[in-house]
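This briefing goes through chain architecture, interfaces, nonpolar cores, cavities and a few local sites. Cut-offs are given where a term is first used.

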Amino acid sequence: MSAPTSARTLSPAADASALTAGPLLSINGLTKHFPLKGGLFGQSRGVVRAVDGINFDVAEGETLGIVGESGCGKSTTARLLVDLISPDSGSVILGGRTLGVDLTVRDLRRQVQMVFQDSYASLNPRLTMQDAIAFGPMVNGMARDKAVALARDLLARVGLDPGRFAGRYPHELSGGQRQRVNIARALAFSPKIVVLDEAVSALDKSVEAQVLNLLADLKAELGLTYIFISHDLNVVRYMSDRVMVMYLGQVAEIGPVDALYAAPAHPYSQALLAAMPSMDPDRRTMEAPLAGDPPNPINPPSGCRFHTRCRQADGVCSVTVPVLHALPQKGHLASCHLHIPGSGHTGAAPRRELAP
Amino acid sequence: MLVYVLKRLFYTLPVAFGVSVVCFLLVHIAPGDPLTSVLPPDASAQLQADMRKIYGFDRPLIVQYGLWVLKTLQGDLGVSIATGRPVAAELRLALGNTLMLAVLATLIGFVLGCLFGFVAGYFRDSWLDKLASFVSIIGVSVPHYWLGMVLVIIFSVQLNWLPATGAGPGGSADWAWDWVHVRHLILPAVTMSVIPMGIVARTVRALVADILSQEFITGQRAKGLLDSGVFRHVVKNAAPTALAVMGLQLGYLLGGSILIETVFSWPGTGFLLGQAIFQRDLPLLQGTILVLAMFFVALNLLVDVVQTMLDPRVQRA
Amino acid sequence: MSSASFETIATEGTSPGYWSGVLRRLGRDPVAMFALLVILAMVLMAVFAPLIGPADPYRGQMLRRLRPIGTPGFPLGTDELGRDMLTRLIYGARLSLLMGVTPVFIAFFIGSAIGITAGYLGGKVNTVLMRTVDVFFAFPSVLLAIALSGALGAGIFNGLLSLTIVFIPPIARIAESVTTAVRKIEYVEAARASGASALTIVRVHVLGNVIGPIFVYATGLISVSLILASGLSFLGLGVKPPEPEWGLMLNTLRNAIYVQPWVAALPGAMIFITSISFNLLSDGLRSAMDLKS
């Protein structure tokens with residue numbers, strides 16, 4: 001895709017974001033470690049720190065993009081959001097209610113739904129499209145005929161003629177059509193938030209564009225909130241209002257998409273964005289922006305996890321873990337010592353003195 | 001590597017424990033008072049009381065199990081009701097005979113199986129393949145005890161080339177590696193080799209076909225059918241699994257020799273088992289099964305470790 | 001013989017058209033169809049034995065014991081008690097087939113239940129269930145069958161019980177393996193994210209996709225079961241005289257090999273023919289299931 005344009009013109013609801021009292025979804029200190037079994041007694045030989053204490057908010061009606069390399073924890077985060085995996089610590093707060101305290105898993109699942117990357121594997125090969133979509137509502141108590149009617153209605157909404165598609169099986173549909181069905185299935189719950197985990201990554205480019213437009217239309221029609229996970233930076237820019245950059249299970253930077261793409265603050269974001277192939281011959285990338293090997297999520301580097309590959313690393317970076325800190329621009333945060341006044345980094349501003 | 005061995009050993013312990021529990025319970029699932037299972041019916045009251053004390057039949061099951069395990073670890077597997085001799089002694093003799101038979105049968109089966117399997121896999125879908133596959137399917141489908149009978153009919157009754165039963169002239173228990181004795185070994189070993197032959201053949205066929213379809217296109221094969229490089233490559237990749245299968249087959253033969261040994265009256269553990277069943281001699285039954293099962297478990301472990309040593313990619317869960 | 005594993009088939013393609021495709025492919029396999037015919041013949045023989053059998057399988061006259069094949073009136077000879085072999089062989093199909101097929105049939109249900117439960121629930125439940133299964137799997141099948149039968153005593157019921165226990169572990173293992181593979185697929189994850197109960201998810205999403213491969217695996221065990229069941233009777237466990245059953249007949253005719261060898265060998269031939277037919281059919285079924293061919 002050339003000359004990425006923001007998707008804001010397609011989802012006017014996003015402009016009116018942050019009008020509600022607080023964020024729709026709030027994630028605090030979410031952590032998930034996967035134990036590695038080994039050794040004589042099958043004891044733990046260390047953990048894969050897939051997600052390590054992340055914090056972010058999602059406002060109602062916006063699209064939050066999540067980007068990062070493979071292994072940064074995007075997919076684990078997605079599964080934590082719909083409780084397919086249980087977090088080790090941290091909280092998920094939806095509409096002011098905390099999961100496990102005053103919000104049940106059942107309620108969470110009714111409000112947060114997910115669309116997966118593999119459109120074929122997402123559908124039971126033995127169920128018709130209509131049955132696949134109707135399954136969710138029926139499980140939650142809807143009568144069968146009502147659920148089927150809902151399914152057919154949703155098929156139409158995602159652009160598939162129910163007369164032709166309701167009775168078909170997954171192998172009889174194309175990838176793009178299947179993904180539309182998956183979206184319809186997620187919508188059957190009337191969720192507030194839809195997590196799209198690389199939902200268009202496996203589609204052909206032309207089909208991808210159609211599905212993206214569908215997603216934008218649905219968001220406007222139904223007032224949805226999206227969490228859009230992808231490794232494709234262009235698509236993320238097109239779809240998102242804000243974007244979160246993850247690195248090795250932690251949040252590196254988060255902020256409004258245009259501001260972040262124009263002026264990334266975290267050295268990792270800078271490198272990531274610089275690695276995007278550019279159409280402009282004057283902005284050719286001459287050297288690899290990232291040095292070193294991708295690190296090991298089992299034994300992450302000390303201090304700031306990125307310091308082993310960072311050109312601007314300083315002494316403090318290998319010692320202290322930087323926290324997510326607000327930058328002067330509104331709504332833009334980065335976890336980098338460079339931008340934390342008084343962190344001890346030679347490039348950082350001195351700590352502002354308190355007025356006597 | 002050592003860690004892996006120790007780990008596998010550690011995982012085997014619960015299984016061995018479970019196996020011993022099953023063997024222990026055999027006496028108790030037999031209908032009637034367990035005491036009558038371990039004593040001849042005409043035992044005196046005094047003997048009954050003694051036995052009850054030794055086995056601990058009036059104590060809770062756990063205690064009985066503990067006592068039984070302790071006795072077993074000391075080498076005391078009880079006393080055979082029929083012969084009055086210690087089970088362990090009977091077993092020692094019989095085990096040697098069965099091992100001889102089973103090892104020979106496994107080797108024959110392995111060699112023939114590799115041969116048929118290789119031919120079948122190499123010339124896949126040709127008439128050679130169909131023929132070799134047919135032979136191997138016969139191997140796994142034929143009731144081996146019946147095959148033994150048929151071979152006895154042909155070679156003993158009709159042609160009188162080989163003896164029908166026993167392990168030596170006069171059915172002696174002393175073995176010597178001379179023709180007089182070895183001729184008794186031929187028919188049972190060949191009969192027994194049929195099953196491992198069939199299974200090894202099927203496995204090798206699948207392996208060879210798989211390996212060849214991976215690396216080589218037909219053009220290359222047309223170049224040199226017996227190209228030694230191709231051959232060596234196939235052998236190297238197929239060997240670990242094939243050897244593992246052979247090892248497991250040896251275990252099955254050891255444990256399942258009863259049918260063949262009954263047909264040929266071969267004085268091995270299987271024959272002993274048959275006697276024990278016929279005479280309802282439960283101590284002998286229990287002891288034999290325990291030893292054979294443990295042998296199988298140990299063999300499985302050995303095969304597992306050797307296979308991993310030969311091919312570190314393979315790690316059975 | 002195919003290289004497609006059961007896990008691959010369960011996870012990759014069992015849409016509703018799949019099994020009819022399998023049956024069609026199987027129908028075009030001459031060897032498998034011939035084997036099927038033989039099996040059907042055996043079954044029909046067993047069912048209609050009273051109508052086909054020329055004589056009474058239990059009545060014999062010592063005067064005409066061990067007559068050879070081709071004796072007028074006794075086309076396949078007579079056994080050691082003077083009973084007509086042809087009739088005994090025909091009636092023998094009943095018990096032999098029963099003892100061979102029933103254990104696998106019952107083990108299919110029990111083993112599948114255990115395996116699917118262990119596979120879907122995972123964790124501690126899986127460990128406990130599968131370790132227990134492993135203990136029984138640690139015995140060579142012949143040995144376990146004999147151990148159980150030997151301890152319980154002879155008889156049809158005990159034989160059936162022992163054999164069923166022997167076949168539960170392998171089926172449970174396959175069921176667990178296949179279910180674990182299916183459980184990881186996205187549509188099962190999506191079903192879990194819908195808040196459905198485990199039972200509903202297994203019923204709607206898992207069962208339909210795993211039961212096919214498990215069933216095919218189980219049918220592959222029938223030939224082994226036939227041989228094992230007859231083997232038990234051959235040893236004096238299982239079926240008791242005077243019932244006609246091929247393995248038992250081999251036992252009682254053993255000493256007759258010196259007198260009428262080919263008559264004595266007949267029951268084993270029946271076991272062989274039936275067993276190889278089941279094997280050929282099972283192989284054909286697995287080939288037909290292979291998605292790549």
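The points below are grouped by topic, beginning with the basis of the values.

This is a predicted model, in which local features need pLDDT of at least 70 and side-chain atom pairs count only at pLDDT 80 or more, while totals for chains, interfaces and linings use all residues. Residues are numbered from 1 along each chain as its sequence is written, chains are lettered from A and ligands numbered from 1 in the order in which they are written, and side-chain values use heavy atoms, with hydrogens and water left out.

**Chains B and C**

- Chain C has 12 helices and 0 strands, where helices (H or I, at least four residues) and strands (E, at least two) are DSSP runs numbered from the N terminus.
- Chain B has 13 helices and 0 strands.
- Of the 293 residues in chain C, 60% are buried, buried meaning under 20% relative accessible area, with exposed over 50% and partly exposed in between (1.4 Å probe, protein chains only).
- In chain B, 50% of the 317 residues are buried.
- Contact means heavy atoms within 4.5 Å; among contacts in chain C between residues at least 6 apart in sequence, 74% join residues at least 24 apart.
- For chain B, residues 24 or more positions apart account for 70% of the contacts with a separation of 6 or more.
- Along the principal axes, the C-alpha atoms of chain C fill a box of roughly 75 × 45 × 30 Å.

**Interfaces**

- The size of an interface is often given as the accessible area lost when the parts come together.
- Buried area here is the accessible area (1.4 Å probe) that two parts lose on being put together, summed over both.
- Chain B and chain C bury about 4000 Å² between them, with 79% of it on carbon and sulfur atoms.
- On the chain B side, Tyr145(B), Trp146(B) and Met149(B) lose the most area to chain C, together 16% of what that side buries.
- The contact between chain B and chain C takes 47 residues from chain B and 41 residues from chain C.
- Chain C and chain A bury about 2000 Å² between them, 60% of it on carbon and sulfur atoms.
- On the chain C side, the residues losing the most area to chain A are Glu186(C), Ala193(C) and Ser194(C), together 25% of what that side buries.
- The contact between chain C and chain A takes 21 residues from chain C and 23 residues from chain A.

**Nonpolar cores**

- A nonpolar core is a set of buried Ala, Val, Leu, Ile, Met, Phe, Trp, Tyr and Cys residues joined through side-chain atoms within 4.5 Å.
- The largest core has 155 residues, and those touching the most other members are Val19(B), Tyr145(B), Ile258(B), Ile289(B), Phe139(C), Ile214(C) and Trp246(C).
- Helix H10 (residues 198-235) of chain C gives the largest share of this core, 16 residues.
- A second, separate core of 56 residues includes Ala186(A), Leu196(A), Leu203(A) and Leu233(A).
- Leaving aside neighbours within four places in sequence, the contacts of Trp246(C) include Met42(C), Met45(C), Leu89(C), Pro267(C) and Met270(C).

**Cavities**

- A cavity is a set of points on a 1 Å grid over the protein atoms alone where a 1.4 Å probe fits but cannot get out, and lining residues have an atom within 4 Å of a point.
- Grid points are joined across faces, edges and corners, and a volume is the space filled by probe spheres set on the points.
- There are 7 cavities of 30 Å³ or more.
- The largest cavity has a volume of about 120 Å³.
- Its lining has 15 residues, and Arg185(A), Phe189(A), Ala190(C), Ala191(C) and Ser194(C) lie nearest the centre of the largest cavity.
- Elements giving two or more residues to this lining are strand E6 (112-115), helix H4 (129-139) and helix H7 (175-187) of chain A, together with helix H9 (186-193) of chain C.
- The largest share of the lining, 4 residues, comes from H4(A).

**Local sites**

- Helix H11 (residues 267-274) of chain A is mostly covered, with 6 of its 8 residues buried.
- The cover over the buried residues of H11(A) includes strand E3 (63-67), helix H9 (233-239) and strand E9 (242-247) of chain A.
- Thr308(B) is found in helix H13 (residues 282-310) of chain B and is buried, with a relative accessible area of 5%.
- Asp290(C), in the segment after helix H12 (261-289) of chain C, is buried with a relative accessible area of 9%.

Methods
1 Å grid on protein atoms, 1.4 Å probe; cavity = no way out; pocket = protein on both sides within 12 Å on 5 of 7 lines; lining within 4 Å.
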